[in-house]
Amino acid sequence: MITLGTKLARLRTNKGFTQQEVADSLNVSQPAYHKWETDIARPTTEKLLKICELFDVEISDLLEDSLVFNITNNDCKIQNMGNTNSISYNESQEIVKGILRNQDAITSLLVTQNKLIEKLIDNKG
């Protein structure tokens, strides 16, 4: 999972800011901001809102955990952007086929669920 600190560091570097510049914008010390980027400490809710304004992001973007999936014709990589020990599958034809089968099964279940919900609604109406 990508940590809050990793997200903060990426947002800062993408904007071309130094830690000091961000810290100044947030009215905190550079060492305090550094602790946020290294996940030693977490910003307050008030500071998180200011970070969202500064980087023009939604708070959910900062707080949600996320995995990144890269799937191509030849390989499937499950990449955890915040972790250098990412899992990489180079011989992945079977993995990709398995993922597609799972998606088909989920889609089928959702279609069935929707039909059942529609019947329940029709019976109540």
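Tutor: Helices are DSSP runs of H or I with at least four residues and strands are runs of E with at least two, numbered from the N terminus; by that reading, Glu-37 has its place in helix H3. This is a predicted model, in which local features need pLDDT of at least 70 and side-chain atom pairs count only at pLDDT 80 or more, while totals for chains, interfaces and linings use all residues. Residues are numbered from 1 along each chain as its sequence is written, and side-chain values use heavy atoms, with hydrogens and water left out.

Student: Is Glu-37 buried or exposed?

Tutor: Buried means under 20% relative accessible area, exposed over 50% and partly exposed in between, with a 1.4 Å probe and protein chains only. Glu-37 has a relative accessible area of 10%, so this residue counts as buried.

Student: Which side chains make a polar contact with the side chain of Glu-37?

Tutor: A polar contact is a pair of N or O atoms within 3.5 Å; within protein, one must be able to donate a hydrogen and the other to accept it, and residues adjacent in sequence count only if both atoms are side-chain atoms. The side chain of Glu-37 has such a contact with the side chain of Arg-12 at 2.5 Å, and another with that of Tyr-33 at 2.9 Å. Contact in the wider sense means heavy atoms within 4.5 Å, and, leaving aside neighbours within four places in sequence, Glu-37 is in contact with Gly-5, Thr-6, Leu-8, Ala-9, Arg-12 and Gln-19.

Student: How do I read the packing of two helices?

Tutor: Two packed helices are described by the angle between their axes and the distance between the axes. Axes are lines fitted to C-alpha atoms, for helices over the stretch in contact, and angles run from 0 to 180 degrees between N-to-C directions. Here the axes of H1 (residues 4-15) and H3 (residues 30-37) come within 7 Å and cross at roughly 120 degrees. On the H1 side, Gly-5, Thr-6, Leu-8, Ala-9 and Arg-12 meet Tyr-33, Trp-36 and Glu-37 of H3.

Student: Which residues in H2 are buried?

Tutor: In H2, the buried residues are Gln-19, Val-22, Ala-23 and Leu-26. Because they cover an arc of only 100 degrees around the axis, they lie on the same side of H2; the arc is that of the directions from the helix axis to the C-beta atoms. What covers these buried residues includes H1, H3 and H4. Leaving aside neighbours within four places in sequence, Leu-26 is in contact with Tyr-33, Trp-36, Lys-47, Lys-50 and Ile-51.
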